Amino acid sequence: MTDDQHPTRCPFILTDDTALDRRRFLRGAGMTGLGLGLSGLCPGQALARLPHEQAPHRQEMTSAPLEQSEQLAYPFYGRHQQGVVTPRQATGMVVSFDILAMDRDALETLLRTLTARIAFLTRGGSYPEHDPRFPPPDSGTLGPHIAPDGLTMTVAVGTSLFDERFGLASQRPTHLQRMQKFPNDALDAPRCHGDLAIQICANTIDTVYHALRDIIKNTPGGLLVRWKQTGTVPLLPPSPGDLNGSARNFLGFRDGSANPAAEDQPLMNALVWIDGQRDEPPWTHGGSYMAVRIIRNLVERWDRTPLGEQEAIFGRRKMSGAPLSGGQEQDVPDYAADPEGHVTPLDAHIRLANPRTPATEKHRILRRPFNYANGVETNGQLDMGLLFICFQADLAAGFIAVQQRLDGEPLEEYIKPVGGGYFFVLPGVTDDSDFLGRSLLAATA
Ligand SMILES: C=CC1=C(C)c2cc3[nH]c(cc4nc(cc5[nH]c(cc1n2)c(C)c5CCC(=O)O)C(CCC(=O)O)=C4C)c(C)c3C=C
Ligand SMILES: [Fe+2]
């Protein structure tokens with residue numbers, strides 16, 4: 001995480017709406033049972049004074065989202081896009097588009113429009129008076145004042161963007177490819193792939209949908225929605241008072257315990273961001289690969305499975321999140337002391353996903369998942385699961401290698417991947433003269 005993206009640097013934009021802002025923040029704090037008598041402080045400062053000082057909330061990538069101020073604004077300009085190492089917000093969506101633009105000029109116009117809209121939406125602001133002779137400039141769903149509400153929008157492109165349409169083929173990121181079917185997948189074609197995807201995350205789903213409708217309204221003839229999936233992160237801490245624990249997924253386990261620390265910038269440079277050390281076209285520097293999977297959880301079957309079996313499947317205790325080898329959630333499992341898997345089965349999810357050997361260090365990925373609930377299947381089963389999102393500097397060494405190790409794991413009896421795709425997160429926009437994808441277009445001019 002770069003300094004300017006770190007929430008403890010107080011990314012608040014304090015406005016006249018501070019009262020509203022405070023209400024929302026207090027409501028968030030109230031969910032933890034804390035009473036705050038604070039005014040005009042950013043969340044990090046506020047939390048530093050709370051009664052639970054012994055266990056301050058670190059707002060890690062995977063912890064329950066505590067900071068819900070409407071005025072929370074993450075910086076848009078920077079070397080990297082927001083929404084990758086940003087602490088996970090309470091709601092998220094991945095929306096994938098087909099690009100309708102027919103040529104490079106139209107593509108550039110589209111990318112410039114996306115940049116301008118995202119710069120506005122993530123900062124917030126007001127709309128001018130409406131002229132009743134024209135459609136209103138905004139959907140109006142958030143009223144006349146758009147608060148940033150912790151919104152991040154992360155733009156990424158699929159391998160199909162590098163086909164013959166725009167003359168970009170020579171600059172395709174080295175590992176960008178079409179997502180292939182893994183053995184346990186039941187991929188639903190309308191929910192896969194896409195030319196361009198945006199990860200939209202915010203404190204509230206209203207802000208996410210407002211942003212999506214703004215993008216659609218402002219890109220007529222440029223973008224067509226192909227699929228979308230929304231998700232949430234529980235606001236409640238995983239156990240009462242445990243503000244640092246990872247939020248739970250819909251199988252009831254803490255999800256994110258062993259995620260690499262997003263605030264560790266050298267680690268993120270090594271695992272997530274692309275730089276000159278990699279075999280990638282120079283225009284990609286500052287970008288990353290995003291793997292998205294819509295993974296259904298067969299919750300009815302799971303809820304009838306004995307606790308001991310559930311814990312063996314993951315290799316962790318359900319309530320505490322501790323590894324089966326003992327300790328607490330953040331403790332490191334000791335596989336060397338258990339070569340035959342008597343404590344942590346050799347096919348446990350966490351052991352396969354990360355065998356914790358020097359050779360498998362390069363396969364580590366940054367996960368940023370959301371729980372989803374879509375409704376009911378025709379057979380009466382709940383359609384819910386995990387909107388799995390992960391970032392890595394090398395897609396083949398990251399998601400693909402880890403998924404191949406997981407192929408055939410016991411968890412497969414309870415999950416069914418149905419959609420998703422692979423995308424390349426464009427480098428960040430440095431200032432208001434820059435735009436998303438500028439370096440890509442310049443490299444192929
Ligand atoms: C290919 C990558 C992965 C997929 C797909 C995936 C699906 C998936 N995971 C869970 C729940 C948990 N995963 C946990 C750990 C974990 N998972 C992956 C990768 C994928 N998971 C990794 C790399 C790790 C970390 C392993 C480690 O370093 O020890 C855990 C344990 C807690 C944690 O560390 O997060 C849970 C729980 C579900 C439900 C799921 C598909 C629906
Ligand atoms: Fe996992």
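A: Two strands are said to pair here if DSSP finds at least two bridges between them. In this predicted model, strand β4 (residues 152–157) is joined by six bridges to strand β5 (residues 196–202), and the two run antiparallel. Within that pairing M153 stands opposite I200 of β5. β4 also pairs with strand β11 (residues 415–425), again in the antiparallel sense but over two bridges, and here A156 stands opposite V425 of β11.

How β4 is enclosed follows from its burial. A residue counts as buried if 20 or more other C-beta atoms lie within 10 Å of its own; six of the six residues of β4 are buried, so the strand is largely enclosed by the rest of the structure. In a regular strand the side chains alternate between the two faces of the sheet. Among contacts between residues at least 6 apart in sequence, 77% join residues at least 24 apart.

The UniProt record, an unreviewed entry, annotates residues 247–429 as "domain: Dyp-type peroxidase C-terminal", a span that is 19% helix and 22% strand. The record also places a "binding site" at G256, S257, A258 and R316. These positions span 61 residues in sequence, yet no two of their C-alpha atoms are more than 11.8 Å apart, so they gather at one spot. S257 lies in the loop between β6 (223–232) and α5 (265–271) and is buried, with 20 other C-beta atoms within 10 Å. R316, in the loop between α7 (307–314) and α8, counts as buried because it has 26 C-beta neighbours inside 10 Å. Leaving aside residues up to four places away in sequence, the contacts of S257 include G321 and E329, while those of R316, with the neighbours within four places likewise set aside, include F253, G321 and I350.

Of the 26 residues around ligand 1, F253, S257, A258, A353 and N354 come nearest. By class, this shell has 14 nonpolar, eight polar and four charged residues, and α9 gives the most to it, with four residues.

Definitions and conventions
Residues are numbered from 1 along each chain as its sequence is written. Chains are lettered from A and ligands numbered from 1 in the order in which they are written. This is a predicted model: local features need pLDDT of at least 70, side-chain atom pairs count only at pLDDT 80 or more; totals for chains, interfaces and linings use all residues. A residue is near a molecule or strand if its C-beta atom, placed from the backbone, lies within 6 Å of it. Ala, Val, Leu, Ile, Met, Phe, Trp, Tyr, Cys and Pro count as nonpolar, Asp, Glu, Lys and Arg as charged, and the others, Gly among them, as polar. UniProt positions are given in the numbering used here, feature names are shortened, and annotations may be inferred rather than shown by experiment. A residue is buried if 20 or more other C-beta atoms lie within 10 Å of its own, exposed if 12 or fewer, and partly exposed in between; C-beta atoms are placed from the backbone. Two residues are in contact if their C-beta atoms, placed from the backbone, lie within 7 Å.
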